[in-house]
Amino acid sequence: MSGIRKGYISGINGNMVRVNFDSFVMQNEVAYIVHGEERLKSEIIRVRGKCAEMQVYESTSHLKVGDEVEFTGELLSVELGPGLLGQIFDGLQNPLPVLAEKCGFFLRRGTYFEALSADAQWGFTPLAKPGDTLRPGEKLGFVPEKNFKHYIMVPFHYHNVVEVSWIAESGSYTIKQAIAKIKDQEGKVSEVFLSQTWPVKIPIKAYAEKIMPQEPLVTKMRLIDSLFPIARGGTYCVPGPFGAGKTVLQQLISRHAEIDIVVIAACGERAGEVVETLKTFPEIIDPRTGRPLSDRTVIICNTSSMPVAARESSVYTAVTIAEYYRSMGLHVLLLADSTSRWAQAIREMSGRLEEIPGEEAFPAYLESRIASFYERAGMVKLSDGSLGSVTIGGAVSPAGGNFEEPVTQATLKVVGAFHGLSRQRSDARRYPAIDPLISWSKYKGFIEDKQVEKGHAILRKGNDVAQMMKVIGEEGTSLANYVDYLKAEFFDFVYLQQNAFDPVDEATEKDRQVYIFDFIYRILTQDFVFADKQEALRFFQALRQQFRGWNSTVMGSQEFKETEAEITGKLNEKINPPAPPSA
């Protein structure tokens with residue numbers, strides 16, 4: 001059909017607009033509402049006969065019935081190519097630094113810019129040659145981006161093998177200049193550029209095989225790696241009340257996890273927290289490269305003060321960018337903060353569509369939406385045999401810390417690990433505030449199973465004794481039970497807690513975790529000899545202070561060895577007490 005397809009607004013309900021049309025439209029098609037000189041981006045979410053309902057990604061104030069709508073025939077898509085790393089985008093992939101430069105402090109609605117600079121020159125090196133047959137996602141060449149080789153791939157939308165008919169020589173090119181020509185099986189020749197577009201709600205499947213996540217992802221957070229591990233290519237969630245440390249925990253994992261790329265989707269969090277992230281990341285030095293952490297980070301930013309509908313797009317934009325870098329054979333960590341805000345945006349739109357509400361007014365399809373998001377994680381084997389992965393970690397912010405609410409429960413059904421934050425631990429300054437008594441993981445870590453089981457058992461036993469002491473007091477507790485309680489407190493204090501302000505203790509390497517956990521395991525399984533509870537208390541208090549100092553020493557250093565020897569000597573005093581003098 002020739003010409004631009006148009007429609008007209010017939011109803012407005014918040015950020016949901018009803019449009020009448022005469023031609024045809026598609027589900028999830030992008031449309032623009034024309035209001036004076038403004039063009040407001042929208043997405044069709046439901047079609048009924050000759051009426052379409054759209055969610056508008058901007059404020060709908062001053063719109064009126066009769067305003068013109070133009071349909072684009074395109075799905076909501078993102079631009080994928082060199083220049084993504086180090087950038088800050090909104091949910092529609094508008095570069096926020098460019099928006100701020102053009103618009104000032106107050107962003108004008110209906111203002112959109114290209115995600116990637118059209119003027120930037122990239123040094124292209126070809127890897128393929130004319131006559132080669134390639135599959136979608138296979139490498140044509142690469143350009144350097146920050147510390148990585150950014151591979152230019154056969155566009156993902158092809159379904160079969162294509163033939164390279166021409167490829168550019170090594171040199172500098174912009175994303176608007178063709179670097180190759182490829183011929184499909186029907187004989188059609190198309191140009192390939194440094195960038196390509198992809199619909200955000202369709203997973204990128206340009207790989208040979210999706211495999212089961214098995215290899216642990218080392219975050220260098222002892223409580224996570226040792227007791228509740230995450231698999232590379234797996235999924236996990238971090239629910240918790242406000243102020244329990246979700247954002248700080250995510251920043252520490254971003255900095256220290258053994259991962260190539262970090263994508264952060266700030267979908268609906270408070271502006272203050274997002275601003276802190278934006279200010280902090282360029283200043284944090286990546287310990288692996290010595291460069292700013294932002295050099296391997298992409299931030300998708302939608303604060304609670306931005307239009308609600310854009311929260312949904314920010315989640316899908318982030319996961320599509322993560323899948324793109326996975327297709328290059330890189331390991332990507334996607335942190336969504338917070339999926340509760342995303343779910344609330346879905347609930348609001350469902351209400352405006354007058355759908356039958358489920359529990360707490362969330363739509364009945366909430367679980368399937370959450371599941372479809374986490375299902376886009378995974379470890380994949382590419383056509384050249386290399387591996388890439390997307391690991392998804394979602395923060396959940398249940399009101400009042402109630403883990404029984406629908407978003408948390410729907411998330412728990414699909415993730416592989418649950419790191420529940422506790423207000424009690426946070427108030428007690430026990431960081432990270434992950435509650436070891438309620439958290440769990442389906443993944444296998446690098447600590448021996450029997451040692452992990454003993455760690456869990458001593459924590460449960462210590463909690464049982466602590467609850468008992470609240471009722472009957474310390475005097476009514478046996479010495480054996482009291483020692484179990486002290487062992488649990490010792491384990492919690494010296495291993496599960498980490499000091500984020502200590503350059504050594506803030507991140508613990510895998511080898512050190514294995515070594516220290518084995519050392520602590522011998523303490524937890526050892527029978528000590530104490531005369532009374534006071535002696536036991538003094539012993540474990542002194543031991544834990546020595547151990548805390550040991551955590552701050554560099555492994556293998558002379559101080560590390562000396563402190564270990566002191567702790568071992570102190571333990572031997574109570575394990576093998578001297579024989580009593582003969583009469």
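Modeller: Let's start with a rule: two strands pair if DSSP finds at least two bridges between them. Strands themselves are DSSP runs of E with at least two residues, helices are runs of H or I with at least four, and both are numbered from the N terminus.

Biologist: And what are we looking at?

Modeller: This is a predicted model, where local features need pLDDT of at least 70 and side-chain atom pairs count only at pLDDT 80 or more, while totals for chains, interfaces and linings use all residues. Residues are numbered from 1 along each chain as its sequence is written, and side-chain values use heavy atoms, leaving out hydrogens and water.

Biologist: What makes β3 and strand β6 a pair?

Modeller: Strand β3 (residues 29-35) and strand β6 (residues 68-75) share five bridges in the antiparallel sense. The rule asks for at least two, so they pair.

Biologist: Why is isoleucine 152 called buried?

Modeller: Buried means under 20% relative accessible area, exposed means over 50%, and partly exposed is in between (1.4 Å probe, protein chains only). Isoleucine 152 has 1% relative accessibility, so it counts as buried. You'll find this residue in strand β12 (residues 148-153).

Biologist: What does isoleucine 152 touch?

Modeller: Contact means heavy atoms within 4.5 Å. Not counting residues up to four places away in sequence, isoleucine 152 touches a list of residues including Pro82, Phe124, Ile179 and Phe193.

Biologist: How do you know that the span of helix α12 is close to what's expected?

Modeller: The expected span is 1.5 Å times one less than the number of residues. Helix α12 (residues 510-524) has 15 residues, and its first and last C-alpha are 21 Å apart, close to the expected 21 Å.

Biologist: What makes the buried residues of α7 sit on the same side?

Modeller: In helix α7 (residues 366-374) the buried ones are Leu366, Ile370, Ala371, Phe373 and Tyr374. They cover an arc of only 160° around the axis (taken from the directions from the helix axis to the C-beta atoms), which puts them on the same side of α7. What covers them includes, among others, α5 (310-326) and α6 (339-352).
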